[in-house]
Amino acid sequence: MYILIVNTFSANGKGLKILKTLEEHPLFKKSYCRSFKTEYEGHAEKIAQQVAEIHKEQINCFIVIGGDGTLHEVINGLKHFSSLPIGFIPAGTGNDFARGCGLAGDPVDVFKAILAGRRQRDYWPGDYLTDDRSRKYGRQFVNNIGIGLEADVVEAVNNSKYKKVFTRLRLNSLTYSFAFLTVLKSFKPLTIRLEIDGRVKRMDNVWMLTVSNHPYYGGGMKINPQAKVQPNIFSVLIVENISRWKVLLLFLTVFWGKHIKMKEVSHYYASSLKVDSETAISFQADGQNGKCKACDISKETERRKIFGVFTKLSS
Ligand SMILES: Nc1ncnc2c1ncn2[C@@H]1O[C@H](COP(=O)(O)OP(=O)(O)OP(=O)(O)O)[C@@H](O)[C@H]1O
């Protein structure tokens, strides 16, 4: 059985268009596919978890049709079912996971490839625990997790009215640019305690800290160009002690990944990090925003099988 979890609203209805096309394909009925449309935020996670709990023995693959937010939810719904494969048909506005993983292709071709079960890639999401650090509340991220300016930008994007307008006009990157400029004016750098693979740093002028599973963020910005899809190791980017105007320069160069040459930008490879702050700070995980005073980040040890069409391995 194939379970399709579809955000019909992603990218202004792209998810719905793809679902309609697939439902008319002869393979849809022949292959015992069942589709579920998400009705509210968090619904994809619930569907994935409930269906896996009841039908795990009969499921060949969960097929996600939507954006990275929907994929984030499904991965979390299935965090106790890591052996269940996931197929991904990108239908979001940002599609950073597809970009970072080298996933591409026409949705029908991807659907056929998933059903044929021939093309797959191993993937290791990140784990994160906030505040009370109880494993019970642990979650996973697919793309990246970050604090500082980028988290405030994500929060502004998620609360914005202009996201829909820019998406309709196919000007997605303008959404981030607009939010970035708004947030930059009033952003206050962070004071944190950072433990990175056991080494402790106290930092009092942090603008951004991003932990990545692959290079991309915010719909194509190459925020962590050295990141690779691999087990055990994250790519970590820290921006500190930088002036406001230079952040603007950083933003202009981030699409090409040239910002890492700036002296205020440092890069690390690490397998675990702990962040502590005396006051609550914003964080973002795969574009979902929240607040915390503490965050532990580590690489998931269980690999996930991702099915789709991989044209190139961009990371
Ligand atoms: N029916 C719905 N109503 C409101 N929100 C929904 C619904 N279905 C899903 N969502 C939420 O919409 C958010 C964004 O969805 P998704 O990531 O699929 O699309 P996107 O924002 O267009 O793409 P991307 O994340 O790649 O930019 C998700 O966090 C999800 O929880």
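This is a predicted model: local features need pLDDT of at least 70, side-chain atom pairs count only at pLDDT 80 or more; totals for chains, interfaces and linings use all residues.
The contact draws 19 residues from domain 1 and 21 residues from domain 2. On the side of domain 1 that touches domain 2, the elements giving two or more residues are H4 and H5. H4 gives the most to that side, with six residues. By class, the residues on this side of domain 1 are seven nonpolar, seven polar and five charged.

Next comes the six-stranded sheet. It is open, its pairing is mixed, and its strand order is E2-E1-E3-E4-E15-E5. The edges are strand E2 (33-37) and strand E5 (120-123), each of which pairs on one side only. Neighbouring strands of this sheet are turned against each other by 25° on average, direction ignored. Look at E4 and strand E15, residues 304-307: the two run parallel and are joined by two bridges. Here isoleucine 86 stands opposite isoleucine 306 in E15.

Two helices can be followed on this sheet. H4 packs on it and touches strand E1 (2-6), strand E3 (61-66) and E4. The direction of H4 makes about 155° with that of E3. Helix H6, residues 107-116, also packs on the sheet, where it touches E1, E3, E4 and E15. The direction of H6 makes about 175° with that of E4.

H4 returns at the ligand. The shell around the ligand holds 22 residues, and the closest are Gly66, Gly67, Gly69, Gly92 and Gly94. Helix H4 (residues 68-77) supplies the largest share of this shell, four residues. The class count of the shell is three nonpolar, 15 polar and four charged residues.

Now take the backbone at asparagine 95. This residue has a positive phi of about 55°, although it is not a glycine. Asparagine 95 sits in the loop between strand E4 (86-90) and helix H5 (96-101). Is asparagine 95 buried or exposed? Asparagine 95 has 22 other C-beta atoms within 10 Å, so it is buried, the cut-off being 20 or more.

Other strands pair around E10. Strand E8, residues 144-148, pairs with E10 in the antiparallel sense over five bridges. In this pair, glycine 148 stands opposite methionine 208 in E10. E10 and strand E11, residues 234-240, also run antiparallel, joined by six bridges. Threonine 210 has leucine 237 in E11 as its bridge partner.

E9 and E10 run antiparallel as well, with six bridges between them. Isoleucine 196 has arginine 199 in E10 as its bridge partner. The hairpin of E9 and E10 has two residues between the strands, and in it aspartate 197 takes a positive phi near 50°. Aspartate 197 lies in the loop between strand E9 (190-196) and strand E10 (199-212), and is a residue other than glycine. How many C-beta neighbours does aspartate 197 have inside 10 Å? The number is 11, so aspartate 197 counts as exposed, the limit being 12 or fewer.

Asparagine 95 has a phi of about 55° and is buried, whereas aspartate 197 has a phi near 50° and counts as exposed.

Note on methods. Residues are numbered from 1 along each chain as its sequence is written. A residue is near a molecule or strand if its C-beta atom, placed from the backbone, lies within 6 Å of it. Ala, Val, Leu, Ile, Met, Phe, Trp, Tyr, Cys and Pro count as nonpolar, Asp, Glu, Lys and Arg as charged, and the others, Gly among them, as polar. Two strands pair if DSSP finds at least two bridges between them. Axes are lines fitted to C-alpha atoms, for helices over the stretch in contact, and angles run from 0 to 180 degrees between N-to-C directions. Two residues are in contact if their C-beta atoms, placed from the backbone, lie within 7 Å.
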